[in-house]
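The stops below can be selected one after another.

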Amino acid sequence: MKQEKTQVAIVGGGLTGLSAAVFLAAHGVHATLLERHPDTSTHPKARAINPRTMELYRAVGMEERVRAGRSPISGNTDLVHVETLAGEERVRMPNASPEDIGRISPTQWTLIDQNQLEPILRERAVEAGADVRFHTRVDAVEEDTGGVLLRTTDLGSGKSTELRAAYVIAADGSRSPVREMLSIGAHGRGTITDLVSFFFEADLEPALRGRKIIAAYVNNPEVRGTIIPIDNDRRWVINVSFFPERGESAADFTEERCVELVRAAVGIPGLPLKIESVAMPAWDISARVADAFATRRVFFAGDAAHVMPPTGAFGASTGIQDAYNLAWKLALVLEGKAGPGLLESYGAERRPVAEETVKQAMLRFAVREGKQFRDVADELLDETTMTFGYCYPAGAVVAESGAPDALIEDPEHPSGRPGARAPHVPLKGERGPLSTLDLFGDGFVLLADSAGGRWAETAARAARELGLTLTVHAIGPGAGLADEDGRFRQRYGLAAGGAVLVRPDGFVCWRSTTGRPGEERNEVALALRHVLARD
């Protein structure tokens, strides 16, 4: 049997797997992606990409390309909980305004259907040199000390192939065959509800009463489900729960039954409508987190690592952020510029974030199921905090003595501490306005207050010593980058002349507030050695 080789094999061609291929290519890593389905998704599925994830696409030059594919509902804002669409609202979930987000990020939410985003990512991955193979099943995954052997089958031709990879990213969905092959379990509530989805056409404006909904969560004695607009006009999809423990099944959803359910959900008896199809397969909403996010050489990402209810639109973005966290680490280890210990930080960083994100999605789902908002309000983190405020208290960072080890911080008042997302600060450079976030992505970056002395010299010495790309940017009066609102020191927690080291994924990994690079020892090099597991 022919054996092929690749640096990283990606199992799964959904949003997480395709994004992983794009991110790895941006770091110069050759990846081979294997997806058992013949093509990208035909169902809208995930419909929103949060601003933090848009920052990642911005970093690889894809922000405008993704925005160009946004859905017809991109201007909609309302997430409502109702007994019926025509009835009174039970609760409207709070969401941040563009102005609120603009203080934290240079990006915004993008409403784009999964079946629109996946082809964009696939095209970019192929352009960047990834080997993308759809209609290819992974039959076996075997690890050893030197790599991973994958046995695959081309489902079109029936041809079998062996693929040898240094590492594997398993992004193969909530029931992850790779995770099962490697006997990695998962914990959590498990399946919460079984559902069917079907498309229909109808004029719902009398029930909407001018509202521009992203989704309406319906809960009444006849139907429990979600109405979602497709074209913002007459085409809709409804996801409806059914209960096998009551003897119900997907086969119960005949066309006549679907008409009844739509009318019960909308709250208009006799509503004229057309059911497009009742042939969609059943699916489920679950809540689980993998017991481990990695073995020796296999890393679980996206739904393979964590699956959660869609309430909050956290799932797709969390998986894409997994891939971004992992891509730069794999690249540096493969180049020999970091020790294998750097890869151990993936689970240490991403698993606590996954646990909290699943919890937040579950709290929102409880409201969808009928719980009062006030009953969950004390535990509920607002959308903006969950999007931007998660931190890595442990992992590839140099923790500060006495620093808080909280998983979450307020992104409106960022700390700039190691383990936190590097804050957005508007800057003005020679080519015009930009954000501090536009300085990250290719390698490590040292941001230095312009009142400092010899940070550039210190950083250059560290880069030579470690064979790394390390870019230095001075910010402030007299520097190449002007801090227009004077908040750089405040938002990064720096005194005059201080500096902060930022990882390729835009997270702070070390900070000096003294303004003195040090003569006896190179603090930047010591920090990088620790982060890269080269101690």
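Select Q321 and Y390: in this predicted model, a polar contact of 2.8 Å joins their side chains. Q321 is found in helix α9, residues 315-334. Is Q321 buried or exposed? Its relative accessibility is 6%, and because the limit for buried is 20%, Q321 counts as buried. Now show what surrounds Q321. Leaving aside neighbours within four places in sequence, the residues in contact with Q321 are N50, R52, T53, L56, R350 and Y390.

Next, select residues 3-11, which form strand β1. Strand β10 (residues 160-170) pairs with β1 in the parallel sense, over eight bridges. Strand β2 (residues 31-35) also runs parallel to β1, and four bridges join the two. Which residues are the bridge partners of I10? In β10 the partner is I169, and in β2 it is L33.

Last, select residues 255-266, helix α8. Twelve residues at 1.5 Å each should span 16 Å, and the end C-alpha atoms of α8 are 17 Å apart, which agrees. Colour the buried residues of α8: C258, V259, L261, V262, A264, A265 and V266. What do these buried residues pack against? Their partners are the strands β11 (186-201), β12 (213-219), β13 (224-229), β14 (235-242) and β15 (274-275), together with helix α7 (205-208). Then step to G267, which follows α8 and has a positive phi, near 90 degrees.

Terms used. Residues numbered from 1 in each chain as written. Predicted model: local features only at pLDDT ≥ 70, side-chain atom pairs only at ≥ 80, totals over all residues. Heavy atoms only, no water. Expected span 1.5 Å × (residues − 1). Buried < 20%, exposed > 50% of the residue type's maximum accessible area, 1.4 Å probe, protein only. Contact = heavy atoms within 4.5 Å. Polar contact = N/O pair within 3.5 Å; in protein donor to acceptor, adjacent residues only side chain to side chain. Pairing = 2+ DSSP bridges.
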